[in-house]
Structure formats: structure tokens, C-alpha cells
Amino acid sequence: MDKIDEMLLEKVSDLHKISLGAFNIRKNGQVLDRKNTKEIEIVPKKNKNGIDIIVQPNVKNKAVHIPVIITVGGLNDLVYNDFYIGENADVVIVAGCGIHNNTDETSTHNGIHSFHLAKNSHVKYIERHVGEGTGKGGKILNPITKIYQKENSSMEIETLQLGGVTSSVRKTFAKLAENANLHIQENILTTENQTATTLFKVNLVGKKSKVEVVSHSVAKDNSYQEFKSNLIGANECFGHVECDGILLNNARIISIPMIDAKDSESSLVHEAAIGKIAGDELIKLMTLGLNQEEAENMIIKGFLMG
Amino acid sequence: MLEIKNLSFDVVDDNNEKDILKDVNLKFEDGKIYVITGPNGSGKSTLVKIIMGIVKASSGKILLNGEDITSKQIYERARLGIGYAFQQPVTFKGLKVKDLLNISSGKNNDFNSLCDYLSMVGLCAKDYINRPLDDKLSGGELKRIELAMVLSRKAKLNIFDEPEAGIDLWSFDNLTNIFKNLKDTTTIIVSHQAKILEIADVVILLKNGRVEKVGKYKELKPLIQTRTCGKLRGVNGQD
């Protein structure tokens, strides 16, 4: 592992000091390192690229890290990772992909993840995406996340993509059983000519199931972001989508809401607000001594990292 | 010392030019408490916004310790030592109370320092420092944090635009004590509140955008009551 590997790992997964629990590090399409524990087993798939991550029932306060790093150009990586979370388990999963591309050839990572949460389990899933490097080659990330939550399970997702990624298409599908709870926080920054597309489709099948999606987008320069959400209420349930976007320069953000209340007891809400940085926020920070650029950067940092 | 010379501010309303402030001349000496009062629409908030640079004057000059700051931007005035507490505190999406106190004080504070700032306004740091400064906080909480931010700057000249508004569950004595304890600083407060007027070294009464009278509160009290049509809060048994 060289310095670039270590730096990418730190950015996507805090895995610069490997003294943690189970992990699987994938570099340039190959497994770099892997560790199983008694409670969390990582099994390579036999018929395709990827791993099964099996968390035993009742495992509490454990973490599993599965970062992917790409340090070459011209790679098109496709990987299938399936998570099986046992009953009553409570774990943190840190994933994400860092591409450091110094070439003029595009590298792409397509991570297809499925989560199977058994009854009463809880998962906190942190996904970070980083693109960097001096080459003209694209850094493309297209994650697909499929979530199947059984009764009383809960899942929190934090997605962070702070610039550098040329293009990303992020798709998330979820199906929630009775009393299942899903919370998604997505924070995305695009700059230059980057594009980022997000699609959420959540099927609230179970009684008293609940989903909350909060999206914070900052689009600078000529970048483009598109946010599509589709909540389907098929029972007595609650769904809330909040899409806030900050636009700078010539950037564009589109928010396309869809809420489908199939059941008269379903309650679904979509809120969207896109615009420049609020003038009163800038003025307030300037009265505290920040100039306009410093104030803008502080507001964006708080908005994305707060 | 802050000096305001021949300051005017006018706006065009329905094709008619309207004077919001007209030929205002004032001197604010170091170490004194000034309270600007007057009826609604008399130009009080506009005047302090012009001092901070939030609103640009149509004509006139502002001098801070002899330096002409009329064309300086908001942040430049802040760096020269002017603090400003908003009448309506600004909220943010994401920035936390501790972030804003770190910005306002110009340093990364430890818990004890943050506790010092917040306890000045009657808040317990552990309940607030990691909370976003957003509209989930009550109006009174936001107002107190606004005060804490300004106090943490330790500016030489502080402006408070109606600081009493929203301080519902906190005693006025605490609020007035804060102003009285601001040693070696110039304090400019916009207020209708009698208890705040009582602590002023100098009261400035504005009417229709002009300075009508400058003097001690006791001398101006009857005139203030007339001008505010008895709306002066805390007077005649109110509040």
C-alpha cells in the first residue's frame, strides 16, 4: 500500500489505521486485503466480483469497512456486495470509493450493494465518494443500493460526495416492512462540468413504516445535479423528502418529486428549495468579520458537513 | 468615537422620493451607552444598518475614530471593531452554535470558553453548542445566542437592534446588566423598552428620519411618551 492508497482510504473510510474489525479493501479491481471476525464474515462470491457480508444475529456495536480504491485510468470496475444483517444486530458499515486518476483515460466504479436487514436490526451505513488526480480521464461512480428491511428494523444512510467526481448516477431502492425505519442523508458537491444524478425509490409496504430523505446539494461552476425521488405509500406510513440546493455561478439543479399515496392512511411529504446562498446568512457572517468568499465557503461547509 | 455627518437615506416609492433619514448628525463617544428610540418608521433600524454597512447611505459620512468608513464593506467595519446584533436573528442550514461562536470570537474555543459565552446570556453550553443554529430553536434562544455571538467578539463598538424582543423567559435585569458591564466599549441600542432607556447615558429620539432630541432619559421621557403615543413599553405600568 503506497501513500496515495493510504490517503484515499483515509478519505473514503478512515481506514488509514487498520486496527478495526472486519474489512475488505478492493484496489484496482482486485482484493488487496480482507479480515473476518467471529461475528462478521466476509465471503467472496463464486460466480461474479464481490462479497457477501454476513453479520451474525445479536452482534452489537461492531463496524465493517469495505472501501474501494482505484489508482489507474481505463478501469471499469463492477462489484456486487450483499449484506445480510442478523436479527437484533446493530452495526456500522463504512463503504465508499476513491478514484485517484492521473491519466487521460476514464475510470469507473459500479458498486451494487444490497442490504437485507432482519427483524429488529439496525445499520448505520456511511458511503463516501472521492475523485481526484491530475489526468484528464473521468472519475465516474455509479452506486446502486437495494435495501430490504424486515419488521422493526432501522437503517441510517449518510452519503458524502465532495467534488472531484466527474459523473455519478446514484440509485437507491428500498422496501420497508411493518414498523421499519429508514433515514437517508445525502450531501453532494459538484464543481466544474461535473454531473450528479440521484434517484430514490422507497416502497412503504408495512404498517407504520417510515422514511426520511434529506438531500443537501451544492452545485458550482457549470455543474449539474438532478434529484428524483419516488415514495410509494402502500399502507399506513410516513414519508418525508427534503431537497435543499445551493446554486453558484452557472450551475443547475433539478428536483423531481413523486409521491404515490396508494393507501388513504399514508402521509407523504416532499419539500424542495433551490437557490443562491441566502443573503441574510452572508450578511450575518460578514458582520462577524468574514469577507464574502469566506462567508460563502463557511455556509457551504456547514450545509454539506454540518 | 463614531461620528455621523449629514447622513441621509432616501428611497423611491411609487415614483416619489421618500426620506427615511434626513441630515442626521450624531457623535457616539467611547465608553457610553446610547439608546436610539422613536416611533415605528422613524428610521432607527435603518440608521444602525447604515452604521454597520448593511444599508448604504444616500449621502453623508461615517467616521470611526477619525477614519472615514462610509465606503467600507460590512466585514471591513466588523474588523475595525463594530459588532452588530440583528433584530431578527439569522438562521443557517448546517452551521452549529459552536461554529458561529468560533467565527465570532475568531478562535477555536474549548468547551469552557463556549460555556463562558453562553452563560453570559443564561444558556447552558452543553445543551446548545452542537445544535444547528436553525429555526428549531425558539425565538428567545436564537436571540440570546445572537447576543452571545456579538459579546464574544469583544468589539469596541456594539450595536444591538431591539435586543429585548423575544427575551421572553429571561429577566430584563440580566439583559440590562450585560449592557452595563460592557466596560470600555461604546454601546448603541435601538429600543422602545423603558428599562433599557433607563440605563442609557444618552438617549437619541428620532422622528420621521430626523434627530428630534438628544439628551438624558429623564429629560426626554415626557417627549418620548408623546412621540410613541404611550407605546413606550414599561412605562405607565405596562410590561
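Biologist: How many residues of chain A are in contact with chain B, and how many of chain B with chain A?

Modeller: Keep in mind that this is a predicted model. A pair counts as a contact if the C-beta atoms, placed from the backbone, lie within 7 Å. On that basis, the tally is 17 residues of chain A and 21 residues of chain B.

Biologist: Which element supplies the largest share of the side of chain A that touches chain B?

Modeller: Two helices of chain A, α2 (279–287) and α3 (292–305), each give at least two residues to that side. The residues there divide into 8 nonpolar, 5 polar and 4 charged. The largest share, 7 residues, comes from α2(A).

Biologist: Let's look at strands. How many bridges join β13(A) to β15(A)?

Modeller: Start with β13 (residues 154–162) of chain A, which runs parallel to β10 (residues 122–132) of chain A, with 8 bridges joining them. In that pairing, His129(A) sits opposite Gln161(A). β13(A) also runs parallel to β15 (residues 181–190) of chain A, and here Glu156(A) faces His183(A). The number of bridges between β13(A) and β15(A) is 9.

Biologist: Over to chain B: is helix α1 mostly covered or mostly open, and how many of its residues are buried?

Modeller: This helix spans residues 44–52 of chain B and is mostly covered. Its buried residues include Leu47(B), Val48(B), Ile50(B) and Ile51(B), and also Lys44(B) and Lys49(B). The count of buried residues is 8 of 9.

Definitions and conventions
Residues numbered from 1 in each chain as written. Chains lettered and ligands numbered in written order. Predicted model: local features only at pLDDT ≥ 70, side-chain atom pairs only at ≥ 80, totals over all residues. Pairing = 2+ DSSP bridges. Helix = DSSP H or I, 4+ residues; strand = E, 2+ residues; numbered from the N terminus. Contact = placed C-beta atoms within 7 Å. Nonpolar A, V, L, I, M, F, W, Y, C, P; charged D, E, K, R; others polar. Buried ≥ 20, exposed ≤ 12 C-beta atoms within 10 Å, placed from the backbone.
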